[in-house]
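Please read it alongside the sequence and the model.

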Amino acid sequence: DVLALAKIEVKLADIPEGKNVTFKWRGKPLFIRHRTAAEIDTEQGVDVSSLRDPQHDNDRCQRPEWLVLLGVCTHLGCVPIANSGDYGGYYCPCHGSHYDSAGRIRKGPAPLNLEVPVHTFVDENTLVV
């Protein structure tokens, strides 16, 4: 099946620091966020034991400045809004789920963190998902 083999190549230089860009990948929204140093410091300082779906920031990001997520809320499959919500990450207005800038669920009905798809940094400026 062609869909199973579909890949997307992203030029990271096109994404300014502090911005989230949405791509369509395998029929789903793919969020790529160029995180600021402040976002990285905040997310790496979170007490993992306080999280509903405990994952350290380092386990979710291959390179701290780049967050790669499927933009599908883990509650009922809606598409969250980037740079929004109580934690400055993502907010799903459908039922009120709030995610931080590591894509971890922090508040609301979603049971799990936003999914991190398999991805590779081919070089300093190219990401393949």
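Relative accessible area sorts residues into buried (under 20%), exposed (over 50%) and partly exposed (in between), using a 1.4 Å probe and protein chains only. The model is predicted, so local features need pLDDT of at least 70 and side-chain atom pairs count only at pLDDT 80 or more, while totals for chains, interfaces and linings use all residues. Residues are numbered from 1 along each chain as its sequence is written, and side-chain values use heavy atoms, with hydrogens and water left out.

- Helices (H or I, at least four residues) and strands (E, at least two) are DSSP runs, numbered from the N terminus.
- Two strands pair if DSSP finds at least two bridges between them.
- Strand 9 (residues 120-123) and strand 10 (residues 126-128) run antiparallel and are joined by 3 bridges.
- A hairpin of 2 residues connects strand 9 to strand 10.
- Thr120 has Val128, in strand 10, as its bridge partner.

- A salt bridge is a side-chain nitrogen of Lys or Arg within 4 Å of a carboxyl oxygen of Asp or Glu.
- The count under this rule is 8 salt bridges.
- Arg63 forms a salt bridge with Glu65, at 3.4 Å from N to O.
- Arg63 also forms a salt bridge with Glu124, where the closest N and O atoms are 3.3 Å apart.
- This second pair links distant parts of the chain, 61 residues apart: Glu124 sits in the loop between strand 9 and strand 10, and Arg63 in the loop between helix 3 (57-60) and strand 4 (66-70).
- Arg63 counts as buried because its relative accessibility is 16%.
- Glu65 has a relative accessible area of 25% and is therefore partly exposed.
- Glu124 is exposed, because its relative accessible area is 56%.

**Lys107 and Asp86**

- In the salt bridge between Lys107 and Asp86, the closest N and O atoms are 2.5 Å apart.
- Lys107 belongs to strand 8 (residues 105-107) and Asp86 to the loop between strand 5 (81-82) and strand 6 (88-92), so the pair ties together parts 21 residues apart in sequence.
- Both residues are classed by area: Lys107 is partly exposed at 39%, and Asp86 is partly exposed at 49%.
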